[in-house]
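Student: Can we go through this one together, question by question? I'd like to look at the picture first.

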Amino acid sequence: MRSYQSTGPHWTYGWLRRTELDSAVDGYCYEAPDGELVYSRQEDHEEVMMLFEVIDPDGNAYLVDRVGLSC
């Protein structure tokens with residue numbers, strides 16, 4: 001499991017839950033602050049996606065969900 005800098009629900013990081021864009025194929029839709037649409041088929045992401053801020057070896061920060069944290 002990777003170590004992380006911070007964690008919180010999607011809105012902590014400016015993400016929006018976009019229920020109107022949910023898809024039977026792609027899953028639950030979220031919109032990142034840069035406008036990128038992110039889909040998840042994980043049942044626990046239906047209302048809230050917990051995000052973790054990870055710092056890579058070069059010092060760059062990025063966000064992952066719980067599955068990405070264990071990669």
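Student: Which ring does the charged end of Arg-17 sit over?
Tutor: A charge counts as sitting over a ring if NZ of Lys or CZ of Arg is within 6 Å of the ring centre and within 35 degrees of the ring normal. Here the charged end of Arg-17 is 5.2 Å from the ring centre. The ring under it belongs to Tyr-30.

Student: Before we go on, what pLDDT do side-chain atom pairs need in order to count?
Tutor: Residues are numbered from 1 along each chain as its sequence is written, and side-chain values use heavy atoms, with hydrogens and water left out. This is a predicted model, so totals for chains, interfaces and linings use all residues, local features need pLDDT of at least 70, and side-chain atom pairs count only at pLDDT 80 or more.

Student: How many residues make up the largest nonpolar core?
Tutor: A nonpolar core is a set of buried Ala, Val, Leu, Ile, Met, Phe, Trp, Tyr and Cys residues joined through side-chain atoms within 4.5 Å. Tyr-13, Trp-15, Tyr-28, Tyr-30, Ala-32, Met-49 and Leu-51 belong to the largest one. The count is seven.

Student: Is His-10 buried or exposed?
Tutor: His-10 sits in the loop between β1 and β2. Leaving aside neighbours within four places in sequence, His-10 has contacts (heavy atoms within 4.5 Å) that include Trp-15, Tyr-30, Met-49 and Leu-51. Buried means under 20% relative accessible area, exposed over 50%, and partly exposed in between (1.4 Å probe, protein chains only). Because His-10 has 4%, the label is buried.

Student: How far apart in space are Leu-63 and His-10, C-alpha to C-alpha?
Tutor: Leu-63 lies in strand β6 (residues 61–64) and is partly exposed, at 30%. Among the residues that Leu-63 touches are Trp-15 and Leu-51. In sequence, Leu-63 and His-10 are 53 residues apart, and in space the gap is 9.8 Å.

Student: What kind of aromatic pair do Tyr-4 and Phe-52 form?
Tutor: Rings of Phe, Tyr and Trp (its six-membered ring) pair if their centres lie within 6.5 Å; planes under 30 degrees apart are stacked, over 60 edge-to-face, and the rest tilted. By that rule there is one aromatic pair. Its centres are 5.0 Å apart with 70 degrees between the planes, which makes it edge-to-face.

Student: How many residues apart are those two?
Tutor: Tyr-4 is partly exposed at 41%, whereas Phe-52 is buried at 6%. Tyr-4 is in the segment before β1 (6–9) and Phe-52 is in β5 (residues 50–55), so the pair links distant parts of the chain. The separation in residues is 48.

Technical notes. Helix = DSSP H or I, 4+ residues; strand = E, 2+ residues; numbered from the N terminus.
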